[in-house]
Amino acid sequence: MEVDIVTPKHIYSDEDLDRTEGQAIEALKKSATEIIPDPDRWLEEELERNILLTSLDSILNWARRSSLWPAICFPACCAFEFIAANASRFDLSRFGMEILRASPRQADLMVTAGTLTWKMAPQVKRIYEQMAEPKWVIAMGACGISGGIFRSSYNVVPGYNHIVPVDVYVPGCPPRPEALIYGIRMLHSKISQRRNIEG
Amino acid sequence: MILALSGKEVAAELEQNFPGSVVESGENSILVKSESVFAIAEYLKNTPELDFSYLTHISAVDYYNYFELVYQLISIQHKHSLVIKTRCYDRQNPVIPSVVKLWRGADFQEREIYDLMGVSFEGHPNLKRIALWQGFEGHPLRKDYL
């Protein structure tokens, strides 16, 4: 059977793919007007009520925070500071997170290093949804927090917290590796307060 | 080193072959009519003495009254360069002939100009948005956008 190169017959035509992509972006843009709250905000209230964690909780939290594996999802230039933090000088392997996972199913942490455009937003949301629970997000850099200098642009998401719930914000343009490591340490202390066992 | 050809000298040659197509010629560039862009580009590419085999880039400028397209050409063999400009006065539906048939590198650049500036290219094989998504309203690099 000869292949018709001039008019390729896929299941979906190119026009269909373009239209579907455009509709998905428009739908996400319409729905993402509110800031998604941090799901772990209850931690602060619980601490005020002095609720103690069980010893099993502390072991689970220790295991989880000691091997945070980041997903590879670096849309823009903050990625280089993340790479610098990961390289030998700052050495993220001290925290057990030197392995970057290409598959989001094997990752715990999403470091949103860079400006996010609306065209890229459905893919980032999809990567977040593919990550297995429990999962955390660090918003790295001015663009990740609020859109930065591109906030009023026609094509930039004004902060990742419109798309995914964010746990820790690391300001800077870009933040130095020290700042990122401080943010990671804050996330560690947040994970260590997490209650896994109800009762 | 690449030598920039004098626009006036090349314009005189173009005027002989395509009478009435050159609007204006300076030391740095030649302004041609938008209908004759393709014919002039074909001539510049296929004449052995000129041999502009490489299109560096196309840029589009919004001057409120008209859109101006700037074609930067280079001859790799003769090591000389030339700048061709053309204008499109229709703001509602600007159309310029496409040069993709001559330089394949023009493909994505013309799509980008169509996407962000709203200039249509007649004869382009796949003219659709490249940086923004289908269904986006308006052309953001126009001066009257927002």
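Ten residues of chain A and six residues of chain B form the contact, where two residues count as touching if their C-beta atoms, placed from the backbone, lie within 7 Å. The side of chain A that touches chain B comprises five charged, three polar and two nonpolar residues; Ala, Val, Leu, Ile, Met, Phe, Trp, Tyr, Cys and Pro count as nonpolar, Asp, Glu, Lys and Arg as charged, and the others, Gly among them, as polar. This is a predicted model, in which local features need pLDDT of at least 70 and side-chain atom pairs pLDDT 80 or more, while totals for chains, interfaces and linings use all residues. Residues are numbered from 1 along each chain as its sequence is written, and chains are lettered from A in the order in which they are written.

**Nonpolar cores**

- The largest nonpolar core holds 42 residues, and A:Met110, A:Val137 and A:Tyr160 are among those with the most contacts inside it.
- Such a core is a set of buried Ala, Val, Leu, Ile, Met, Phe, Trp, Tyr and Cys residues joined through C-beta atoms within 7 Å; buried means that 20 or more other C-beta atoms lie within 10 Å of a residue's own, placed from the backbone.
- Strand E3(A) gives the most to this core, with five residues.
- Another core, of 30 residues, lies apart from it and includes B:Ile40 and B:Leu82.

**Strand pairing in chain B**

- Strands E2 (residues 22-25) and E3 (residues 29-32) of chain B run antiparallel and are joined by three bridges; strands are DSSP runs of at least two residues, numbered from the N terminus, and pair if DSSP finds at least two bridges between them.
- B:Val22 has B:Val32 in E3(B) as its bridge partner.
- A hairpin of three residues connects E2(B) to E3(B).

Definitions and conventions. Buried ≥ 20, exposed ≤ 12 C-beta atoms within 10 Å, placed from the backbone. Helix = DSSP H or I, 4+ residues; strand = E, 2+ residues; numbered from the N terminus.
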